[in-house]
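Open the model in your viewer and get ready to select residues by number. This tour goes from one stop to the next.

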Amino acid sequence: MVKPSRSYRVFQGVNGVVLTLVVLVTLYPFATILARSFSGERQIRAGEVALLPKGFNLTTYKIVFQDAMFWRNYGNTVLYTVVATAVAMVLTTCYAYVLSKKQLKGRGVLVGIAVFTMFFTGGLIPNYILVTSLGLKNSVWAIALPNAISVFNLLVMKAFFENLPTELEEAAQIDGLSTYGVLLRIVLPLSKAVVATMVLFYSVSFWNSWFSAFLYMDRTDLMPVTVYLRNLIQGATGGGNAGAGTEQLSQVGANIQSVTIVLTALPILCVYPFVQRYFVSGVMLGAVKG
């Protein structure tokens with residue numbers, strides 16, 4: 001076994017120190033926000049909260065969790081995210097697979113149409129009129145369909161599909177697989193890394209989205225949790241929450257933003273470790289093996 005040189009050991013040490021500092025700097029804001037969400041009003045306003053909660057207080061969490069509408073809106077968010085991500089993945093995967101075929105006639109036109117939408121849109125009012133005229137208002141499709149394809153994600157998947165060996169698809173076609181069979185049984189199993197990445201990108205985007213629901217939903221029981229928390233912030237900072245006493249309202253106004261960030265970011269942070277393993281397998285899949 002070759003002994004590492006002194007310069008390489010120094011490099012490893014410096015690299016470890018630098019990466020550790022980067023991790024600490026990255027985690028510090030999250031730790032501070034988490035601490036503020038559990039801290040009391042006086043300590044927050046006095047700037048005493050850093051990494052650990054001061055004046056431990058759960059008033060804001062209790063107010064949010066005891067509201068039945070919060071859980072209804074949270075369920076809506078899960079439903080919208082799952083349905084919209086599934087629709088987006090089906091459309092993006094099929095479109096990207098088609099565009100990855102260099103022998104396709106009119107391929108340049110299809111790519112140009114997709115890229116065109118990155119820079120030009122119909123506008124807010126025409127989109128609203130279109131969604132309304134199609135009868136999509138107050139339904140999950142008002143959130144899923146207008147944002148079904150992200151051109152950036154489409155181009156990433158297209159580039160990934162183009163790098164797959166064409167010999168595998170040709171062999172599958174010789175064995176009698178149809179185009180859809182090749183996609184489902186050959187291409188997608190080899191594309192777990194990019195599929196997992198796109199699922200994460202889409203799910204985070206739909207989970208955090210609030211403007212589409214704010215625009216296309218008229219009933220509060222159909223709103224996602226992001227709109228609920230937005231309204232809660234607006235009510236707390238504006239002093240218009242009639243259901244809470246003065247002391248409670250003051251506490252909510254002090255840390256509602258931190259509580260909101262924790263409640264919206266926590267589910268995605270819990271899902272990410274399960275998706276990360278596909279990133280690792282994707283890197284290994286493309287590595288040189290001896």
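Start with the largest nonpolar core of this predicted model. It holds 29 residues. Select F161, V187 and M217, which have the most contacts inside this core. Now colour the elements that give two or more residues to the core: helix 4 (68-99), helix 7 (141-144), helix 8 (151-162), helix 10 (179-187) and helix 11. Which helix gives the most? Helix 4 does, with 7 residues.

Zoom in on M217. Leaving out residues up to four places away in sequence, M217 touches Y80, N138, S139, V140, I143, S212, L222 and M223. Then look for another core, apart from the largest one, with 14 residues. Select Y61, Y228, I256 and L263, which are among them.

Next, the aromatic rings. There are 17 aromatic pairs in the model. Select F38 and F56. Their ring centres are 5.8 Å apart and their planes are at 0°, so this pair is stacked. F38 lies in the loop between helix 1 (6-37) and helix 2 (41-45), and F56 in the loop between helix 2 and helix 3 (59-65), so the pair ties together parts 18 residues apart in sequence. Show the surface here. F56 is exposed, at 58%.

Move on to Y97 and F161. This aromatic pair is edge-to-face, with 6.0 Å between centres and 85° between planes. Y97 sits in helix 4 and F161 in helix 8, so the pair links parts of the chain 64 residues apart. Both residues are buried.

Then find F214. R230 lies over the face of its ring, 4.7 Å from the ring centre.

Now pick S203, in helix 11 (residues 192-208). S203 counts as buried because its relative accessibility is 13%, and the cut-off for buried is under 20%. A polar atom of the S203 side chain lies 2.8 Å from the backbone oxygen of V199. Setting aside neighbours within four places in sequence, S203 is in contact with T81 and T85.

Last stop: the record. An unreviewed UniProt entry annotates "transmembrane region" at residues 12-31, 78-98, 110-129, 141-161, 182-207 and 256-275. Select 141-161. This stretch is 71% helix and 0% strand, with end C-alpha atoms 28 Å apart. Then select 256-275. Here the chain is 100% helix and 0% strand, and the end C-alpha atoms are 30 Å apart.

Key: Residues numbered from 1 in each chain as written. Predicted model: local features only at pLDDT ≥ 70, side-chain atom pairs only at ≥ 80, totals over all residues. Heavy atoms only, no water. Helix = DSSP H or I, 4+ residues; strand = E, 2+ residues; numbered from the N terminus. Buried < 20%, exposed > 50% of the residue type's maximum accessible area, 1.4 Å probe, protein only. Polar contact = N/O pair within 3.5 Å; in protein donor to acceptor, adjacent residues only side chain to side chain. Contact = heavy atoms within 4.5 Å. Core = buried A, V, L, I, M, F, W, Y, C linked by side-chain atoms within 4.5 Å. UniProt positions renumbered as here; feature names shortened; annotations may be inferred. Phe/Tyr/Trp six-rings, centres within 6.5 Å; stacked < 30°, edge-to-face > 60°. Lys NZ or Arg CZ within 6 Å of the ring centre and 35° of its normal.
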